[in-house]
Amino acid sequence: MLNPDVAFGVHPTLGTVAAVSDGLPQAEAALRAAGFNHHKDLDIFVLPRSADRRGTVQLIRDLQTVGYTVAADLQFQTLPSVPDVSSLTTRIIEAQRPSDIARVFDDLLDDRSGVLPALHQLLEAAAEWCDQRLGDDGGASPATSCRRLARQISGLSTDLGFTGGDLLDVDSSLTTPPKGIAPFDQASRASAAGAASPARLGADAPATAEGAVSHCPPQDPSSQHTRSR
């Protein structure tokens, strides 16, 4: 594809980036609404590393829907899959060491593809839908109930993180792991315990029903003057 309106890629140090052809202010506005920040020196848009990749995938689809031509790295062409809970349960049943279970908890809490962050985002999206469609009729409203459940998921995530840390402590006190079993990354586990709660997702990027960062739908580019850089 020659001279696309918007191009998405991965910078070696900045992470997810996007470039927009000249004369497309509405496309630039869509990027900003999706959480991208303009890098003045490089004249590109940079997405914070804490943002969920689902948001970029959805943004690309929205841009294409309204008529923009988009070039994107392969990793942005499909939504990241959420691990199946049954498969995670199987991993626990087959676990050989406490660290194996800690790894499963880590996958549950993963900001990009974990089950619990996805469930938290789903509940927040449901609460937002209830606010907009049903209104707020007091403490017993469906929106309030959804947000209460989302807070409970946040608490569960925090507890799982600390429990995973406890499992690692037990693991470290055992004998050397059997040959072929790699030691778990304790730094990663500590990070998950302290920061992987879905509550943090709400602070980094507003949730949508599909787990993407919230953004305003891009406008049709037909009304804009396009001049490629």
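Which residue in β4 is the bridge partner of Val17? I looked it up, and the partner is Val46.

**Ground rules.** The model is predicted, so I noted that local features need pLDDT of at least 70, side-chain atom pairs count only at pLDDT 80 or more, and totals for chains, interfaces and linings use all residues. Residues are numbered from 1 along each chain as its sequence is written, and side-chain values use heavy atoms, with hydrogens and water left out.

**Overview.** I began with the secondary structure of the protein chain, which comes to eight helices and five strands. Helices (H or I, at least four residues) and strands (E, at least two) are DSSP runs, numbered from the N terminus. Read from the N terminus, the order of elements is β-β-α-β-β-α-β-α-α-α-α-α-α. I then checked burial: 39% of the 229 residues in the protein chain count as buried. Buried means under 20% relative accessible area, exposed over 50%, and partly exposed in between, with a 1.4 Å probe and protein chains only. Next came contacts, meaning heavy atoms within 4.5 Å. Among those in the protein chain between residues at least 6 apart in sequence, 69% join residues at least 24 apart.

**The sheet.** I traced an open sheet of five strands in the order β3-β4-β2-β1-β5, with mixed pairing. The edges are β3 (37–39) and β5 (70–72); each has a single partner strand, so one side of each is left without a neighbour in the sheet. From one strand to the next, the twist averages 30 degrees. For pairing, DSSP must find at least two bridges between two strands.

I went through the pairs in turn. β1 and β2 are antiparallel over six bridges. They form a hairpin, with three residues between them. Val6 has Val20 in β2 as its bridge partner. β2 (residues 15–20) also pairs with β4 (residues 44–46), again in the antiparallel sense, over two bridges. Here Ala18 has Phe45 in β4 as its bridge partner. Why is β2 largely enclosed by the rest of the structure? Five of its six residues are buried, so the rest of the structure largely encloses β2.

**Helices on the sheet.** I looked at α1 (residues 25–33) and found it lying across β1 (6–11), β2, β3 and β4. Helix α1 runs at about 160 degrees to β2. Such angles run from 0 to 180 degrees between N-to-C directions, and axes are lines fitted to C-alpha atoms, for helices over the stretch in contact. Helix α2 (residues 53–65) also packs on the sheet, where it touches β1, β2 and β5. Its direction makes about 165 degrees with that of β1.

**Aromatic pair.** I searched the whole structure and got one aromatic pair. Phe8 and Phe36 form it, edge-to-face, at 6.0 Å centre to centre and 70 degrees between the planes. Rings of Phe, Tyr and Trp (its six-membered ring) pair if their centres lie within 6.5 Å; planes under 30 degrees apart count as stacked, over 60 as edge-to-face, and the rest as tilted. The pair links distant parts of the chain: Phe8 is in β1, Phe36 is in the loop between α1 and β3, and they are 28 residues apart. Both Phe8 and Phe36 are buried.

**Helix against helix.** I moved on to α4 (residues 98–109) and α6 (residues 142–173). Their axes come within 8 Å and cross at roughly 160 degrees. That makes α4 roughly antiparallel to α6; the label covers angles over 145, with under 35 degrees roughly parallel, 65 to 115 roughly perpendicular and the rest oblique. The α4 and α6 crossing is left-handed, which means that the near helix is turned anticlockwise from the far one by less than a right angle, while clockwise would be right-handed. Among the residues meeting here are Phe105 in α4 and Leu160 in α6.

Then I checked α5 (residues 115–134) against α6: about 165 degrees, with axes 8 Å apart. They too are roughly antiparallel, and α5 passes α6 in a left-handed crossing.

I stopped at Asp43, in the loop between β3 and β4. Asp43 has a positive phi of about 55 degrees, although it is not a glycine. Most residues other than glycine have a negative phi. Asp43 is partly exposed, at 31% relative accessible area.
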